[in-house]
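User: I would like to learn how to read a few local features of a model, one at a time. Could we take each general idea and then its case?
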Amino acid sequence: MLPIKKTTKIHILIIGLIFFTLTILRILWLAYFLPMDEQPYAQDGVWDMGNQALQDDQIFYLNGEWLYYPGALLDGKENITDEDWSSTEGKILTVPFNEKNPITQKYGTYRLKILLNENGTYDQNYAVHIPAIQTASALYVNGKLLGQSGHVGTNADAHKGQAAPYTVYFSADTQEIDLNLQVSNLDTPKDALITKQISFSTAKAMMHKQKIIEISLASISIILIMYALFSILVYLFIYRRKTVFLFTAGFLFPLADELISNDRSILNWLQLDYVWSLKLSNIIYLGASYFFVQFMRILLTKYHSARCFRWLSILYGMSALLIIILPIHWLYFANIIFFILYFVSFISVATLALKEYIDKQRTSAFIVFTVLSTISGILWGLIKTVFILEIPFYPFDYLIALLAFAGYWFKQFYENTQEINVLVADLHKNDRLKDEFLSNSSQRLWDPMNKMITIAQSIYDNPNNTFVVEDKNNLKNLINVGRSMSFTLNDIQDFTRLKEDKLHLHTKNVNIQSAITGVFDLLRFITEGKKIQMNSNIPKTFPYVIADEKRLIQILFNLLHNAIKFTSASFIEISAKVENNMALIHIHDNGLGMDDDVQKFLSIPYGQNNSSEDSIGLGLFVSKQLIELHGGTLQIHSIPNKGSDVFFTLPLADEISNEEDHYSESLIPKTLELKFNKIDEQSTDKKFRILIIDDDPVNLTIIRSIFTLEEYEVATVTSSEKGLELLQNDNWDLVIIDAMLPFISGYALIQMIREQYSVLELPILLLAARNYPEDVYTGFAYGANDYVTKPINSLELKVRGRALIDLKYNINQRLHLETAWLQAQIQPHFLFNTLNTIASLSTIDSDRMIELMHHFGEYLHASFDVKNLQRVVPLQHELELVRSYLYIEQQRFEHLLKIEWDIDENIEIDIPPISLQTLVENAVNHGVLKQENGGTVRILIKDCITYVEISVIDNGVGIDANTLAELLSDLNKHSRGIGLRNTDLRLKRIYNERLIIRSTPNEGTHITFHIPKNKK
């Protein structure tokens, strides 16, 4: 035989001490309720207390010989004498009943006469407690019905079983108390027997005992309900597994079993008959046993998968089925099988738990307490049944089991917490390493990413490359993917700064309309090819907000770009209102929306959804963090297939600050315009003219101070509309534009300016709030020459501005000289042909020769006139040149060229030099003279209300549509049509007008342009 280890001996000793402690507690509880004095014993139906007095702290049991009258239901009323009782056949039965003297009658009456102490008082209150008697009973005291369980009857129709305990209270004014207890059992195979003790005491003693029982039962009930609720909450919010329901059932089934065991009248709420009440109570007890077994199986770690648990589950299932289908007569015999099942299952679980504890499982000590308290309860239940003891409800087994269970889970929680803390520390470390890796990687990826985008864009923009449509679209998609990647790299860097608290805001009063319109134009350019309608309904009077302008643009860009890219929105609308002293900005789109699963990722960094696999999920998270850093909040409400609504708040600027801004805005432009006019009048030297457009009066003041009045004439405006008005009326050497302007953004304004002025004719310097590639690239794409980021560096702004002005001035000087030479030169063949015509006329017609020489001299004089170097010349000067040219051509070609004039009188207007002459020359040489029979050139000049219309019409060979489009195209690199294109560009630059050309092959050409009367 192997020796027992020392640790095993210790464990066995601990088990013995625990069980011994539980037994001592049970004995003390029993001793508290059992009477200490010797109690009377009933003899021949009389229970005599003549030698004892009733005490208010003592319970007596009416054990002994009762008179039993089988087959008779007697109530013991006063008019029935002892002789009447004696005439009824009765017998002596022991209560509680033992099986030595069986009876076969299903109903009858038990009678007992109580003789009180002669020296006691008779007017005090008494109490009798009737236990659960199978299956109906009624108690008559001194001939009065005081309590009953069910309905006692002599047949099945009159009988109604219940088997519930009850207590009656009464007072007696005599020494004798006559108890008559009617019983009937027509439900079960057993006879109408009293198998439990009937207790008698003063009312005060009985109430005290029941109060203790009720308090104990209520306490355990509350504890079990709390545990059950706790397990439900764990399932709902922490651990969604079906095993959690085992704990819930494991608490509720024992609770129901104890409540029914102490008071079966609870089942009356269900309106069930005795048979189904009995079956329900058996199922509840079976469930309590089953869930205890499963409960222990979960707690066991080493023997969690023991085979016996599977067989026990099968047996418990079969037992539940038998309880439901078996008749009540068979069910009583089947209870023996159920008892064996209960006993075997409890012993099996207890054995495994004790074995696990002996095997040194760390957490099994608490399981031992649970098992031993359960074994204690089972053993005492057997003792109570065998020895017919009246043991009140004992709560300590439950308390110890529950405390042990709580200790087990607390220890598990502690160990899990320690493990989680270690894992969290590792996660924090790995998270930090991950952030460092992403940050370093994003910085390293910047340069190759920009190079890739630049190379791809240059290939895409190269007109000499010939791609099929599909390849060009793929290249465009490649560029867009690269830009999206650049956005992601920006988000990674900002996210890292936010986590390390290295991102600081530079707040100021910001016009929210300016930021929104600027972001709209950014998105329109980036999402080229998508038809997206973006509207802002924010009124002009909406107050300023306190924000970092750079970060505000980033917030709006991320939110709007997310709506376009990931929800396929085609319509976006932004509105704003003031709420609780905060600006509430509302972004609504009609995209696909987001379901709850997608929305939950928005507040998680690197949160992804299957629908957005090309993003790492940082844009919205960074926006949320930036908004909160400003002191605002972000909320998103979205319904799938119906769109999304994004709400975020920003603090409002102080009203005083707003008033100061508006005051400055109203004063600064006027002051500067006054100074500008004075300078214009007094200035004699060349000063470069600069137009600054910015909605921030402070920026206007700063920029104006950078450009000295000795070298520059500066005008400032605070809106795009005013800027366009000044651009139409005056000439400027440099325009400085803020990217974020209200209603018409800086990007849109640049695009509008480029429709009239090329990048060489009018340089534009963009003020960008950020130096992000998307901002800079968008600015250059719309036509900016250069950019400066805010906050403004005075030296950088001045140097960049002066460089653009010098570049424009030098280029204009070169172009001016080249244009003058082109305008003044005469084609050699035209000169030779004219001289030959003069020579031939000298021998034929000297008068015509003299007239031709006169017009030829006027033509040469007009061609070399210094006025042609000016921006515009009087219309009459241009007409003199045209008339001289046409006279010479008519003398040369005679009947092949016909000229028609239609000119209104008293027209005084200036036009670009050699503009009309170019059109007429084109009509003659490339129109009518290309035909064998020549043709007619018609010149019309009409005085309209707001403009003068000049037209040159010929009936020559005409121009086909493709050739015409090529002639006026900016991409035309050939010398053909240079006169038309040059005239068209000068009209566009000076008047924002274009040549209107209508031509039909073999029918002729009609060219028209308008000269506004208010343009000088």
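User: Where does aspartate 44 lie?

Analyst: This is a predicted model, in which local features need pLDDT of at least 70 and side-chain atom pairs count only at pLDDT 80 or more, while totals for chains, interfaces and linings use all residues. Residues are numbered from 1 along each chain as its sequence is written, and side-chain values use heavy atoms, with hydrogens and water left out. Helices (H or I, at least four residues) and strands (E, at least two) are DSSP runs, numbered from the N terminus. Aspartate 44 lies in the loop between α1 (6-33) and β1 (46-48), and its phi is positive, about 55 degrees, although aspartate 44 is not a glycine.

User: Is aspartate 44 buried or exposed, and why?

Analyst: Buried means under 20% relative accessible area, exposed over 50%, and partly exposed in between (1.4 Å probe, protein chains only). Aspartate 44 counts as exposed because its relative accessibility is 54%.

User: Which peptide bond is cis at proline 96?

Analyst: The bond that joins valine 95 and proline 96 is cis, with omega about -5 degrees, and proline 96 is found in the loop between β4 (91-95) and β5 (107-115). Another cis peptide bond runs from glutamine 134 to threonine 135, with omega near -5 degrees; threonine 135 lies in the loop between β6 (125-130) and β7 (136-141).

User: How many cavities of 30 Å³ or more are there?

Analyst: Rolling a probe the size of a water molecule over the atoms shows where empty space is left. On a 1 Å grid over the protein atoms alone, a cavity is a set of points where a 1.4 Å probe fits but cannot get out, and lining residues have an atom within 4 Å of a point. Grid points are joined across faces, edges and corners, and a volume is the space filled by probe spheres set on the points. The count here is four cavities of 30 Å³ or more, and the largest cavity holds about 80 Å³ of space.

User: Which residues lie nearest the centre of the largest cavity?

Analyst: Of the 12 residues that line the largest cavity, Leu559, Asn562, Ala563, Asp589 and Val646 lie nearest its centre. At least two lining residues come from each of α12 (549-566), β16 (582-589) and β18 (643-651), and α12 gives the most, with four residues.

User: How many disulfides are there?

Analyst: A disulfide is a covalent bond between the sulfur atoms of two cysteines. With the cut-off that the pair of cysteine sulfur atoms be within 2.5 Å, the count comes to zero disulfides.

Terms used
On a 1 Å grid over the protein atoms alone, a cavity is a set of points where a 1.4 Å probe fits but cannot get out, and a pocket is an open set with protein on both sides within 12 Å along at least five of seven lines; lining residues have an atom within 4 Å of a point.
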